[in-house]
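Hi,

Here is the structure I promised to pass on. Have a look at it first, and my notes follow below.

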Amino acid sequence: MEGVSVRKIKKICVFCGANSGKDVAFVNTAFQLGEVLGKRKIDLVYGGGKLGLMGCVSTAVAQHERQVLGIIPSAFTINNLVGETCGKEIKVATMQERLVMMMELSDAFIALPGGFGTLEELFQMISWAQLSIHNKPIGVLNINGFFNGLLSFVDHAVKQEFITPRARKILISATTADELVDKLQAFRFESDPALSKLKWSPSSSQKEKLDLTLRL
C-alpha cells in the first residue's frame with residue numbers, strides 16, 4: 001500500500017448471519033476475519049450473542065485479546081435467545097437504536113454472508129454514507145462468490161441510473177479478510193455535493209423531515 005493514504009481504523013463493525021450457512025467456508029472465513037482483526041489490533045463491534053457467524057467472529061477476536069462489544073436489543077436477551085455475548089454488552093430498546101450506536105462507535109463496516117437482517121444493516125450503512133450521515137468505509141467479504149448476485153444487482157442499478165457511479169464506490173468488496181481490511185484503510189470518501197449539504201444535527205429542520213430510515 002505504498003503511496004496510499006491509510007486511514008486509522010480502531011474498531012470495525014461486522015454484520016453477519018446468526019446462522020452458520022451451508023458452506024463450511026463461511027465459518028472458516030469468519031474465524032479468519034476475527035484473527036485478522038486481532039492481529040491488526042482492531043476491536044470488534046457486532047450484534048451480540050454467540051450464534052452462527054456472529055459467534056465465530058467474536059470468539060476469534062476475543063482469543064486475540066482485542067475488545068469485543070455486542071450491541072443487542074433487549075428483546076433478544078429474553079430466555080437467552082442468542083446466547084452469551086463474547087465481551088462487553090450494551091442493551092438497547094430497538095433495532096434502529098442498535099444500528100445508530102453501531103454507526104457511531106465504529107470506524108468501518110464489514111458484511112459477511114447473512115440473511116435479511118445482514119442485508120438491511122449493510123444497505124442502511126450504505127444509504128447513510130450516501131446521505132453524508134457518515135463517511136466511513138463499508139465492505140463485503142465475498143466468500144466463495146456469496147455476494148456475486150448482490151454486486152451484479154448493484155451494478156445493474158448503476159446502469160439503469162438509479163445508483164450513481166459516485167455512490168457505487170461506497171460499497172467495497174474483496175475475497176479475503178486481509179485484502180478487505182486493506183481496502184477499507186485505503187478508502188477515500190467522495191460525497192455527493194448536493195447531499196453533503198444536508199444538516200443532520202438534532203436541531204436541524206432537515207432531520208425533522210428526513211429520519212435515519214430513509215433509503216435512496
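Leaving aside residues up to four places away in sequence, which residues does Ser196 touch? The contacts are Ser132 and Ser191. Keep in mind that this is a predicted model.

A bit more on that serine: Ser196 sits in the loop between helix 7 (177-186) and helix 8 (205-209). Ser196 counts as partly exposed, because its relative accessible area of 34% falls between the 20% and 50% cut-offs. From Ser196 to Met101 is 95 residues along the sequence and 21 Å in space, C-alpha to C-alpha.

Strand 1 (residues 11-15) and strand 5 (residues 108-111) run parallel and are joined by 4 bridges, and Cys13 is found opposite Phe109 in strand 5.

Last, a helix pair. The axes of helix 3 (residues 95-105) and helix 4 (residues 116-130) come within 11 Å and cross at roughly 60°, which makes helix 3 oblique to helix 4. Their crossing is right-handed. Helix 3 contributes Gln96, Arg98, Leu99, Val100 and Met103 to the contact, and helix 4 contributes Glu121, Gln124, Met125 and Trp128. Those residues split into 5 nonpolar, 2 polar and 2 charged.

Cheers

Notes. Residues are numbered from 1 along each chain as its sequence is written. This is a predicted model: local features need pLDDT of at least 70, side-chain atom pairs count only at pLDDT 80 or more; totals for chains, interfaces and linings use all residues. Side-chain values use heavy atoms; hydrogens and water are left out. Axes are lines fitted to C-alpha atoms, for helices over the stretch in contact, and angles run from 0 to 180 degrees between N-to-C directions. Helices (H or I, at least four residues) and strands (E, at least two) are DSSP runs, numbered from the N terminus. Angles under 35 degrees count as roughly parallel, over 145 as roughly antiparallel, 65 to 115 as roughly perpendicular and the rest as oblique. A crossing is left-handed if the near helix is turned anticlockwise from the far one by less than a right angle, and right-handed if clockwise. Contact means heavy atoms within 4.5 Å. Ala, Val, Leu, Ile, Met, Phe, Trp, Tyr, Cys and Pro count as nonpolar, Asp, Glu, Lys and Arg as charged, and the others, Gly among them, as polar. Buried means under 20% relative accessible area, exposed over 50%, partly exposed in between (1.4 Å probe, protein chains only). Two strands pair if DSSP finds at least two bridges between them.
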